[in-house]
Amino acid sequence: MEPNIRLDMRLGKLMEEYPEVRAVFDAHGLGNLVSEVSLKAVGPFLTLETALKAHDIAPSEFLKLLCASRDSGTPMEAPGMSEAEIQGATRLMTLMPCGLKVPFGKSLAAFISDLPADVQQALNYAVESNVNHELSYYPYVGHIQSVDELPDVIVSSDFNDFFHRRFYERFIRSKTNFADVADYSPNALFTDAGIPDPLGQYIILCVNPLIVVADLEKAGDRPLPRLWEDLLDPMWRRSITLRGNEDFFCHAVLLPLFKEHGISAMKALAENVYDGRHPSQMVKSAGNGKSAALYVMPDFFSRKIPSRRAVKRIWPEDGALASPVTLLVKKDAAVEFKAVVDYLTGKSMAEMFSGAYFPSPRPDIDNGLSDDANLKWLGWDYIRDNDLKRINKEIDDVFLPIATGGKPS
């Protein structure tokens, strides 16, 4: 047992050794941080200090309270605490898009089960969904001080905190922490869109292409959009469903429009929002003639809409928006877990991605897309020259109040 509670302890280890201190987290509104779901997702690698800084809580003072609670010797009930053992620090963390979590998890688990027992034991991996932003790893990334706090192999989704300036400047720019493990020349679908990182700092395993689905009854005689900027037309006022809710809307959609058309585009699009939903909810409502006229959703989910529905799938002429699934591998891990890294970047995994409608950059697989299906990428110059966190906040400050201001009766 650890002799003392320390700020560099992982949350999982802390709660395993000192479950009685949960009351301190509850008293500070941090009960979710040590819930069963959160401990499973981030407990094996998130340190106490990083978690507290992310919530603007003074670590030294909180540490005193934890020690006092421990010394009182009175264990507290912990509803929702995981009964599963936490096997040390997570070495491979994956935060996947909803459409990929299940097939990716099955493929990875089958591969790892065939590895030598010592490699399996050392790897300690976790496959989680990217959808829950509150309990995901992202809110803590910007507060990490040392690369040692990061899992050795990270697969993540969307333009997340690993692309934000603070993380980039601290851990990516120097090229000393992560390895370029892609050993193939990307296909034309990706190179034409400029998706492969020219500096080799981020490995794009695949992309989640976002397209438009029109509910033909609700769209009526309005001309359907051909380009992404067509979504800004006031004729679509309160007619578009995006992935999101009252607190969040998908920045993979908002960022490209902001980049090309500025803050006025955010106001125009916000005026056109009917509501925010998860893509699985869009599948249920698209084509029922009762909700939105247009839906922006992943290609994966668009193919789950029943064929009897009166809908039209629209792959915009300027390209499906490419939301990335990104791989970061520490240099030491690239050697220690070479077999796993080779599998993640290899043909078999790429075929799984493609089969799930997540196009891969590998040149030796068929993504099954028509010749005129192209991708629209945010751009590496834009990503590196701008602080996406700041831009996202600027977008949200304008977009959210308008988009959530009510929908038509």
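This is a predicted model: local features need pLDDT of at least 70, side-chain atom pairs count only at pLDDT 80 or more; totals for chains, interfaces and linings use all residues.

Trainee: OK, so how many helices and strands does the chain have?

Mentor: The chain has 20 helices and ten strands. Its radius of gyration (taken over C-alpha atoms) is 22 Å, close to the 22 Å from the globule rule (2.2 Å times the number of residues to the power 0.38) for 409 residues, so the chain is as compact as a globular protein of that length.

Trainee: And what does the C-alpha trace span along its principal axes?

Mentor: About 70 × 50 × 40 Å.

Trainee: Switching to cavities: how many turn up in the whole structure?

Mentor: Four of 30 Å³ or more. A cavity here is a set of points, on a 1 Å grid over the protein atoms alone, where a 1.4 Å probe fits but cannot get out; lining residues have an atom within 4 Å of a point. Grid points are joined across faces, edges and corners, and the volume is the space filled by probe spheres set on the points.

Trainee: Which residues line the second largest cavity?

Mentor: F163, H164, R165, Y168, E169, I383, R384 and N386. The volume of that cavity is about 40 Å³. Both α9 (165–172) and α19 (380–385) supply at least two residues of its lining, and α9 gives the most, with three.

Trainee: What's the lining like by class?

Mentor: The second largest cavity has three nonpolar, two polar and three charged lining residues. The classes are Ala, Val, Leu, Ile, Met, Phe, Trp, Tyr, Cys and Pro for nonpolar, Asp, Glu, Lys and Arg for charged, and the others, Gly among them, for polar.

Trainee: Now burial. What share of the chain is buried?

Mentor: Of the 409 residues, 56% count as buried, where buried means under 20% relative accessible area, exposed over 50%, and partly exposed in between (1.4 Å probe, protein chains only). Take helix α12 (residues 251–261): eight of its eleven residues are buried, including H251, L254 and F258. Just after α12, G262 takes a positive phi of about 80°.

Trainee: Which residues have a positive phi without being glycine?

Mentor: R238, near 50°, and Y357, about 70°, are among them. R238 lies in the loop between α11 and β5 and is buried, at 13% relative accessible area. Y357 sits in the loop between α18 (347–355) and β10 (375–376) and is partly exposed, at 35%.

Trainee: Last topic, the largest nonpolar core. Which members touch the most others?

Mentor: I5, L14, F25, L48 and F399, out of 93 residues. Such a core is a set of buried Ala, Val, Leu, Ile, Met, Phe, Trp, Tyr and Cys residues joined through side-chain atoms within 4.5 Å. There's also a second, separate core of 42 residues, with V155 and M349 among them.

Trainee: What is F399 in contact with, beyond four places in sequence?

Mentor: L242, F249, L254, M266, L269, A270 and V273, with contact meaning heavy atoms within 4.5 Å. L254 is also one of the buried residues of α12.

Note on methods
Residues are numbered from 1 along each chain as its sequence is written. Side-chain values use heavy atoms; hydrogens and water are left out. On a 1 Å grid over the protein atoms alone, a cavity is a set of points where a 1.4 Å probe fits but cannot get out, and a pocket is an open set with protein on both sides within 12 Å along at least five of seven lines; lining residues have an atom within 4 Å of a point. Helices (H or I, at least four residues) and strands (E, at least two) are DSSP runs, numbered from the N terminus.
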